[in-house]
Amino acid sequence: MAADHIADAPDLTPHPSQALDIPVPVRWTDLDAYGHVNNAAVVRLLEEARIAAFWQAPAEQIALGAPRPPAALPVSGAGAEISTVIASQRIEYARPLGHRRDGVVVRLWLSRIGGASLSVDYLVLTRDDPEGRAPYARARTVVVLIDAESGTPVRLEPATRDELQRFAGEPLRFRD
C-alpha cells in the first residue's frame with residue numbers, strides 16, 4: 001500500500017486501558033521471498049497474541065510457570081468441554097513488515113461481545129510506534145465458543161462476560 005494511503009487512514013487505536021499489548025516474536029521463517037513477513041504468517045502473529053490474551057493454560061502447566069492470560073475464556077486444550085472455532089477473519093495490510101529481532105506488539109481488544117461469540121480487533125505494531133500511528137496491519141477475528149462434543153455454540157456466562165467487558169473497545173473501521 002502506498003504511503004499516501006497510510007496518511008489517509010483514520011486513527012483507529014483504542015484507548016490503552018481497553019487494549020492488551022501482547023509481544024510476539026517474528027521468526028526468520030515468517031519471511032517471504034521479498035523479505036517481508038508473509039501474509040499467512042501475520043495470521044500466526046494474531047493467533048499467538050489471541051492465545052496469550054485469552055486462553056488459560058492447563059493447571060499443571062501454570063504450576064510449571066506458564067503465564068496466566070489477562071482475561072481467560074472458559075476454554076483450554078484438547079479434552080476440554082468448551083472449545084473455540086474461528087468463524088471469520090479479516091486482515092488489511094497497511095505496509096510491509098520486515099524481520100524484526102525485537103518482534104512486534106499485537107494490540108488487541110474486543111470490539112463485540114455476543115451471546116456465544118467475540119470479535120477481537122487487532123493492530124500489528126512495533127515497539128518504536130507504541131501509539132499505533134502507523135500499524136502494519138489491522139484485523140478482526142470472530143471467535144465462537146462451542147460445546148466440544150456437540151459442536152453447538154455455548155453462551156458466555158455472565159461472570160465471563162463481565163470480565164471480558166474490561167477489554168471492550170470501539171470496533172475498527174475497515175476500508176471497503
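Contact is taken here to mean heavy atoms within 4.5 Å. The structure is a predicted model, in which local features need pLDDT of at least 70 and side-chain atom pairs count only at pLDDT 80 or more, while totals for chains, interfaces and linings use all residues. Residues are numbered from 1 along each chain as its sequence is written, and side-chain values use heavy atoms, with hydrogens and water left out.

The protein chain contains 4 helices and 5 strands, where helices (H or I, at least four residues) and strands (E, at least two) are DSSP runs numbered from the N terminus. Along the sequence these elements follow the order α-β-α-α-β-β-β-β-α. Among contacts with a separation of 6 or more, 68% link residues 24 or more positions apart.

The largest nonpolar core comprises 36 residues, and Phe-54, Leu-108 and Leu-164 have the most contacts inside it. Such a core is a set of buried Ala, Val, Leu, Ile, Met, Phe, Trp, Tyr and Cys residues joined through side-chain atoms within 4.5 Å. At least two residues of this core come from each of β1 (20-24), α2 (39-54), β3 (104-113), β4 (117-125) and β5 (137-147); α2 gives the most, with 7 residues. Beyond its neighbours within four places in sequence, Leu-164 is in contact with Phe-54, Ala-71, Leu-73, Leu-110, Ile-113, Leu-118 and Leu-156. A second, separate core of 6 residues includes Ala-19, Trp-109, Leu-123 and Phe-174.

Phe-54 is buried, with a relative accessible area of 1%, and Trp-55 also counts as buried, at 17% relative accessibility. Rings of Phe, Tyr and Trp (its six-membered ring) pair if their centres lie within 6.5 Å, with planes under 30 degrees apart counted as stacked, over 60 as edge-to-face and the rest as tilted. The count comes to 1 aromatic pair. The ring centres of Phe-54 and Trp-55 are 6.3 Å apart and their planes stand at 75 degrees, so this pair is edge-to-face.

Glu-92 is located in strand β2 (residues 82-93) and is buried because its relative accessibility is 12%. Excluding residues up to four places away in sequence, Glu-92 touches Tyr-136, Ala-137, Arg-138, Phe-174 and Arg-175. A polar atom of the Glu-92 side chain lies 2.7 Å from the backbone nitrogen of Arg-175.

Methods
Buried means under 20% relative accessible area, exposed over 50%, partly exposed in between (1.4 Å probe, protein chains only). A polar contact is a pair of N or O atoms within 3.5 Å; within protein, one must be able to donate a hydrogen and the other to accept it, and residues adjacent in sequence count only if both atoms are side-chain atoms.
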